[in-house]
Amino acid sequence: MAAAHRSCFFYGTLIDPDVRAAVLGRLGDRAPAIPDTLAGWQAVGVRGRVYPVIVPAPSESVTGIRVTFAAAAARRAMDRLVAFEGAEYSLRTVRLVSGEDAFVFTGSAVCRPDGRPWSFADWRRRHKRGFLAGMRPGRPV
């Protein structure tokens, strides 16, 4: 039996509603963003990039949002997210502090974490405008 919904945990640029809208379009319109936490991981920068990746860190946790897509939109939403995240990321399932299971993008073999803590507030203040300008409408980069 197919799942009624599919949840994703976002910890980086996809926390921002403007980035989510650029990536998901109308698929995200009915997908509520619920604050949640992933224990045992830390968000760090990626070398040469303005966005993060999460790395295992037993005594740390990552705050973000859980977005749940209805079954009808889940496949298309996941396809868009995979295209947006690209080869630097791999998809895995995690259990969040809320007890919910969710998909999350972690670093792939080609991702190069820099080890420095990443801040969403700092990204929003310093990089959001340029990041959004670099995205092509209807086709994330």
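Helices (H or I, at least four residues) and strands (E, at least two) are DSSP runs, numbered from the N terminus. This is a predicted model, in which local features need pLDDT of at least 70, side-chain atom pairs count only at pLDDT 80 or more, and totals for chains, interfaces and linings use all residues. Residues are numbered from 1 along each chain as its sequence is written, and side-chain values use heavy atoms, with hydrogens and water left out.

View 1. Read from the N terminus, its elements follow the order β-α-β-β-α-β-β-β-α-α. Along the principal axes, the C-alpha atoms fill a box of roughly 40 × 35 × 25 Å. The radius of gyration, taken over C-alpha atoms, is 14 Å, which agrees with the value near 14 Å for a compact globule of 141 residues; that globule rule is 2.2 Å times the number of residues to the power 0.38. Of the 141 residues, 41% count as buried, meaning under 20% relative accessible area, while exposed means over 50% and partly exposed lies in between (1.4 Å probe, protein chains only).

**View 2. Thr13, in the loop between β1 and α1.** Is Thr13 buried or exposed? Thr13 counts as buried because its relative accessibility is 6%. Contact here means heavy atoms within 4.5 Å. Setting aside neighbours within four places in sequence, Thr13 touches Val19, Tyr51, Pro52, Phe84, Trp118, Trp123 and Phe131.

**View 3. Helix α1 (residues 17-24) and its buried residues.** An α-helix has 3.6 residues a turn, so residues three or four places apart point the same way. What do the buried residues of α1 pack against? Their partners are β1 (5-10), β2 (33-46), β3 (52-70), α2 (71-85), α3 (120-126) and α4 (128-133).

**View 4. Pro117, in strand β6 (residues 113-117).** Here we turn to another residue. Pro117 counts as exposed because its relative accessibility is 64%. Leaving out neighbours within four places in sequence, Pro117 is in contact with Gln42, Ala43 and Val44. Ile54 is 63 residues from Pro117 along the chain, and their C-alpha atoms are separated by 9.7 Å.
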